Amino acid sequence: MTTTNDPCRPSSYGSPETALLLLDYENAHVNMIQGPERRGNVVSSTKKLLTAARENKVAIVHCLMDTDQDPPTTSKGTKKWQSMIKPMLAANPEMVAEYSEFIINGGTSAGGHESTSHRNPGHLSALVGEGLLPLLREKLAVQHLIMCGITTSGPVLGTATHATDLDFVVTVVEDAYWDPDEQVHRALLDKVLPVLAWVSTAEEAVGYMSS
């Protein structure tokens, strides 16, 4: 992919300045995707991104919820969490494990290029995860974030808007997203997110990581 000198464009940043964020690919979320073809497309696109990032030594962060924590008492969703979600997860702990085709073998990759970050389940933005911003900013000097995940109206929207407010250049990969409300999903990808971020295909995002 041709590089540019425009600081707002993803193509201005090489692989050392780029990170791939995988947002909430827990089993419960992946298994929610309706239809085997749609699920297969999301999984295939995400694996394509992971492979490219690993081959090009792009930093990868698996962003997951820390379900051992409760949401803040100020969170509107706390009552639902306590009465419905927490008991369900306690009875089915495999639901909160990361989808097996995406996990890191051994926990952390060689050279520290791949790691896991956890956040409070009451927060939508993955960037509030403890230590994640210092890792991206100070240790890795990342300026461009490529994001994929579930759901589009949840952590994807929350993390993308937070990241742009923090002056990251953001690429959202539409092939690797899903939302239970297709109308909301399309409205976010077609109208809302393009105002803030670059909406790309998996192939385009692979090109950014290969430069």
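**Strand β4 and its surroundings**

Analyst: Happy to. β4 and strand β5 (residues 169–178) pair in the parallel sense over six bridges; strands are DSSP runs of E with at least two residues, helices are runs of H or I with at least four, and both are numbered from the N terminus. Two strands count as paired if DSSP finds at least two bridges between them. Within this pairing, Gly-149 stands opposite Tyr-177 of β5.

A word on the source: this is a predicted model, in which local features need pLDDT of at least 70 and side-chain atom pairs count only at pLDDT 80 or more, while totals for chains, interfaces and linings use all residues. Residues are numbered from 1 along each chain as its sequence is written, and side-chain values use heavy atoms, with hydrogens and water left out.

β4 has another partner too: strand β1 (residues 18–23) runs parallel to β4 and is joined to it by six bridges. There, Leu-21 faces Met-147 of β4.

How enclosed is β4 (residues 144–150)? Seven of its seven residues are buried, so the strand is largely enclosed by the rest of the structure. Here buried means under 20% relative accessible area, exposed means over 50%, and partly exposed lies in between (1.4 Å probe, protein chains only). Both faces of β4 are covered: one side carries the buried His-144, Ile-146, Cys-148 and Ile-150, and the other carries Leu-145, Met-147 and Gly-149, also buried.

For a look at another strand, take Ser-117, which belongs to β3 (residues 114–119). Ser-117 counts as buried because its relative accessibility is 7%. Beyond its neighbours within four places in sequence, Ser-117 is in contact (heavy atoms within 4.5 Å) with Val-61, His-62, Cys-63, Leu-64, Ala-126, Gly-129 and Leu-132.

Now the wider setting. The chain has seven helices and six strands, arranged along the sequence as β-α-α-β-α-β-α-β-α-β-α-β-α. Its radius of gyration is 16 Å, close to the 17 Å that the globule rule gives for 211 residues, so the chain is as compact as a globular protein of that length. That radius is taken over C-alpha atoms, and the rule is 2.2 Å times the number of residues to the power 0.38. Along its principal axes, the C-alpha trace spans about 50 × 35 × 30 Å. Of the 211 residues, 46% count as buried. Among contacts between residues at least 6 apart in sequence, 79% join residues at least 24 apart.
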